[in-house]
Amino acid sequence: MDQIKIGRFIAEARKSRGITQRQLADELSVSDKTISKWECGKGLPEVSLMLPLCGALNITVNELLTGERLSEADYRKKAEENMMELMEENRENKKRMALSVICGIITIIAVLSLIVIAAFIEMHAALRIAIIVFAVLTAAAGIGAACVLEVKAGYFECPHCKALFVPTTGEYVKGFHTLTRRRLTCPECGKTSMCRHRIVR
Ligand SMILES: [Zn+2]
């Protein structure tokens, strides 16, 4: 998906209807910051907003995802390409999520084995300390890798404005979390809340 092209197309279609970002935002019950973000190519509208947006702009979803008006002949071809791209994106996200879980499991097994070795096997004290230090480093590296993979897998959804966003790794690591939610600040409305992790758009 070419977000820049899609953004330009949204701006074009809005202007040809002669309405401001604010007016379009009101029609869709989103903030004008959201419209501005789409038009700058910094994010795609989430799926539940695509139909209302296209209705307001008098375009089709297929044209929105392609970023241009389509002739009858191009229509089918582009529709298939767009569908494949969305599926591809979701598959990539699922793969990252699975890798993150595998990475976490391997880390736990490795660290537990090292601790068992250090605790129960007869050895020199220095070697025992070295193994413990190594176990701590392994845990840190494993957790870090799992986080980096997970933060890139999909999106977080703001419960207030329903915006989908990818947090920075720093913000992500600091955020208090449960299995499916994480405390994050929404870049759209600025509210801090428990945001749900969504793998697919
Ligand atoms: Zn929000």
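**Figure 1. Leucine 184 stands opposite serine 193 in S4.** This close-up comes from a predicted model. S3 and S4 run antiparallel and share five bridges. Six residues lie between the two strands, which form a hairpin. In the turn, glycine 190 has a positive phi of about 80°.

**Figure 2. Side chains alternate along S3.** Arg182 and Leu184 point to one face, and both are buried.

**Figure 3. Four strands form an open sheet in the order S2-S1-S4-S3.** The pairing is antiparallel. Strand S2 (164-165) and strand S3 (181-185) are at the edges. Each has a single partner strand, so one side of each has no neighbour in the sheet. Strand S1 (residues 155-157) pairs with strand S4 (residues 192-198) over three bridges, again in the antiparallel sense. Phenylalanine 156 stands opposite histidine 197 in S4. Strands of a sheet pair through backbone hydrogen bonds, either parallel or antiparallel.

**Figure 4. The largest nonpolar core holds 12 residues.** Among them are Ile6, Phe9, Ile10, Trp38, Leu53 and Leu64. Helix H1 (3-16), helix H3 (32-39), helix H4 (47-57) and helix H5 (61-66) each give two or more residues to this core. H1 gives the most, with three residues. Leucine 64 touches Ile6, Met50, Leu53, Cys54 and Ile59, leaving out residues up to four places away in sequence. A second, separate core has eight residues, including Tyr155, Phe156, Cys158 and Cys186. In soluble globular proteins, nonpolar side chains tend to be buried together.

**Figure 5. Asparagine 58 has a positive phi of about 65° although it is not a glycine.** Asparagine 58 is in the loop between H4 and H5. With 10 other C-beta atoms within 10 Å, asparagine 58 is exposed. The cut-off for exposed is 12 or fewer. Most residues other than glycine have a negative phi.

**Figure 6. Lysine 162 also has a positive phi, of about 65°, and is not a glycine.** The loop between S1 and S2 holds lysine 162. Lysine 162 has 16 other C-beta atoms within 10 Å and is partly exposed.

**Figure 7. Domain 1 and domain 3 have centres 23 Å apart, taken over C-alpha atoms.** The domain assignment gives domain 1 (3-70), domain 2 (74-151) and domain 3 (155-198). Five residues from domain 1 and six residues from domain 3 take part in the contact between domain 1 and domain 3. On the domain 1 side, one residue is nonpolar, two are polar and two are charged.

**Figure 8. The whole chain gives the close-ups their setting.** The protein has eight helices and four strands. Along the sequence, the pattern is α-α-α-α-α-α-α-β-β-α-β-β. The radius of gyration is 23 Å, whereas a compact globule of 201 residues would have one near 17 Å. Along the principal axes, the C-alpha atoms fill a box of roughly 80 × 40 × 20 Å. Buried residues make up 16% of the 201 residues. Of the contacts between residues at least 6 apart in sequence, 60% join residues at least 24 apart.

Definitions and conventions:
Residues are numbered from 1 along each chain as its sequence is written. This is a predicted model: local features need pLDDT of at least 70, side-chain atom pairs count only at pLDDT 80 or more; totals for chains, interfaces and linings use all residues. A nonpolar core is a set of buried Ala, Val, Leu, Ile, Met, Phe, Trp, Tyr and Cys residues joined through C-beta atoms within 7 Å. A residue is buried if 20 or more other C-beta atoms lie within 10 Å of its own, exposed if 12 or fewer, and partly exposed in between; C-beta atoms are placed from the backbone. Two residues are in contact if their C-beta atoms, placed from the backbone, lie within 7 Å. Domain bounds come from an automatic or database domain assignment. Ala, Val, Leu, Ile, Met, Phe, Trp, Tyr, Cys and Pro count as nonpolar, Asp, Glu, Lys and Arg as charged, and the others, Gly among them, as polar. Two strands pair if DSSP finds at least two bridges between them. The radius of gyration is taken over C-alpha atoms; the globule rule is 2.2 Å times the number of residues to the power 0.38.
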